[in-house]
Amino acid sequence: MSPRGLTALSGVSGHSPPVWFQSLDGLFFFFLNKEYFSPQTISNNMTSNSNLSNMRRLVEQLKLEASVERIKVSQAAAELQQYCLQNAGKDALLVGVPTGSNPFREPRSCAVV
Amino acid sequence: MRSPPIPEMATQEVQLNETLAHLKTESETLKSKLEEERAKLHDVELHQVAEKVEGLGQFVMKTRRTLKGHGNKVLCMDWCKDKRRIVSSSQDGKVIVWDAFTTNKEHAVTMPCTWVMACAYAPSGCAVACGGLDNKCSVYPLSLDKNENLAAKKKSVAMHTNYLSACSFTNSDMQILTSSGDGTCALWDVESGQLLQSFHGHAADVLCLDLAPSETGNTFVSGGCDKKANVWDMRSGQCIQSFETHESDINSVRYYPSGDAFASGSDDATCRLYDLRADREVAIYSKESIIFGVSSVDFSLSGRLLFGGYNDYTINVWDVLKGTRVSILFGHENRVSTLRVSPDGTAFCTGSWDHTLRIWA
């Protein structure tokens, strides 16, 4: 039984058509938005408030991201390429290393005990 | 018929809805503005810039060591800074420390939970961190005494409200960064277990993270089931850049060695490269024949090669600049779940659901 002694006569949900209530004094009436007085409205408002603060946060975040300073892809790509080429010599998986200096390429020695 | 009095709450609700709608429009406008700004600077593709670069020759990479000992799927591994030790964790709760040169097991710990999805070696080499379905990240100091019971010295550091998906020590043994199925990342003080900073912004499970190379400052990147890769400022907790071009969960993120870009691997079967200064995706590594998800990615030392471990049991090696595949490696008998290049770039290690780890060079 919801507050105010109202009995819902059909399913109460967020999206259903108007619900008919029968009050204690026998009068029928309906609310277009049925949960005006129910705890559901209060929590709906709270959810809406948290939705609101979430949206505000999202908008602030997007503003922050939009204000990031960017450079052209051509320049960024050139610098990535330059880093690769500068360090290629040290990259063992790329160019290999002189035999004997990659410990993994050496076969494991077996010790006879 | 009595009509209900209009309560204040209804008016408030209407007002809220109006503001909500207004904010929604504003966010849509900002999103398209962001795309516009990014597109303006998209004057060329990475592979076009790299046309003049010499192509890579044939690669001979083979399994040089196979580490056997886990009783179930290997889920995660990490290298020690000494370039020879490895820590790995598996579905059955076992965490093992190996000497990759000799393939000997040096330490073994059984966690009280299964699915240990995350493990990391401390920079000093004196401890390992791990966690998974227990929602925690625990640190075990490694003792020189082989007989000592490691589990006795365990320290619980991080507490999440869902599974731990990844963890990493920062520059020292003192702080750990974690990501979780609860949608957040967090920075913890190891000694006190105190939460130093939390990072909110993902709309679903966070699956992976990677710290920027120390020269580039205090940022890290995370990837999640919301298909987004977010770059965070560790001090403020703010998300400073966000990228959403993948079509499915992002399983792995790894910084380019210079720190100016990062790669991601996803269930959509592609790896992508995002440049942080251009603020956009600059390359996609994919082939029509590759239809299985990427579980983990890592760069070679110079950043020229990108290694991807895939759910079809293979490892694909990509030319980062040209966008082409240079090699495909076979060997594992089940999904490759984790892949890391060694600290000096001489080899890389993969862990698989076939219970083994392999060292490739």
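Helix H1(A) gives the most to the lining of the second largest pocket, with 8 residues. Helices here (H or I, at least four residues) and strands (E, at least two) are DSSP runs, numbered from the N terminus. This is a predicted model, in which local features need pLDDT of at least 70 and side-chain atom pairs count only at pLDDT 80 or more, while totals for chains, interfaces and linings use all residues. Residues are numbered from 1 along each chain as its sequence is written, chains are lettered from A and ligands numbered from 1 in the order in which they are written, and side-chain values use heavy atoms, with hydrogens and water left out.

**The pocket and the cavity**

Rolling a probe the size of a water molecule over the atoms shows where empty space is left. On a 1 Å grid over the protein atoms alone, a cavity is a set of points where a 1.4 Å probe fits but cannot get out, whereas a pocket is an open set with protein on both sides within 12 Å along at least five of seven lines; lining residues have an atom within 4 Å of a point. Grid points are joined across faces, edges and corners, and a volume is the space filled by probe spheres set on the points.

The second largest pocket holds about 870 Å³ of space, and among its 28 lining residues Leu58(A), Gln61(A), Glu65(A), Lys228(B) and Ser242(B) lie nearest its centre. Besides H1 of chain A, the elements H1, S17 and S21 of chain B each supply at least two residues of this lining.

A search of the whole structure finds 1 cavity of 30 Å³ or more, and the volume of this largest cavity is about 30 Å³. Its lining includes Val95(B), His107(B) and Leu142(B), and strand S5(B) gives the most to it, with 3 residues.

The table sets out the two linings by class, where Ala, Val, Leu, Ile, Met, Phe, Trp, Tyr, Cys and Pro count as nonpolar, Asp, Glu, Lys and Arg as charged, and the others, Gly among them, as polar.

| Lining | Nonpolar | Polar | Charged |
|---|---|---|---|
| Largest cavity | 7 residues | 1 residue | no residues |

**The contact between the chains**

The contact (heavy atoms within 4.5 Å) takes 73 residues from chain B and 55 residues from chain A. Between them the chains bury about 5,700 Å², 69% of it on carbon and sulfur atoms, where buried area is the accessible area (1.4 Å probe) that two parts lose on being put together, summed over both.

Side chains of opposite charge can pair when their charged atoms come close. A salt bridge is a side-chain nitrogen of Lys or Arg within 4 Å of a carboxyl oxygen of Asp or Glu, and the count between chain B and chain A is 3. In one salt bridge between the chains, Lys63(A) pairs with Glu26(B), with the closest N and O atoms 3.5 Å apart. Lys63(A) also forms a salt bridge with Glu60(A), where the corresponding distance is 3.8 Å; both of these residues lie in helix H1 (residues 39–66) of chain A, 3 residues apart, about one turn of the helix.
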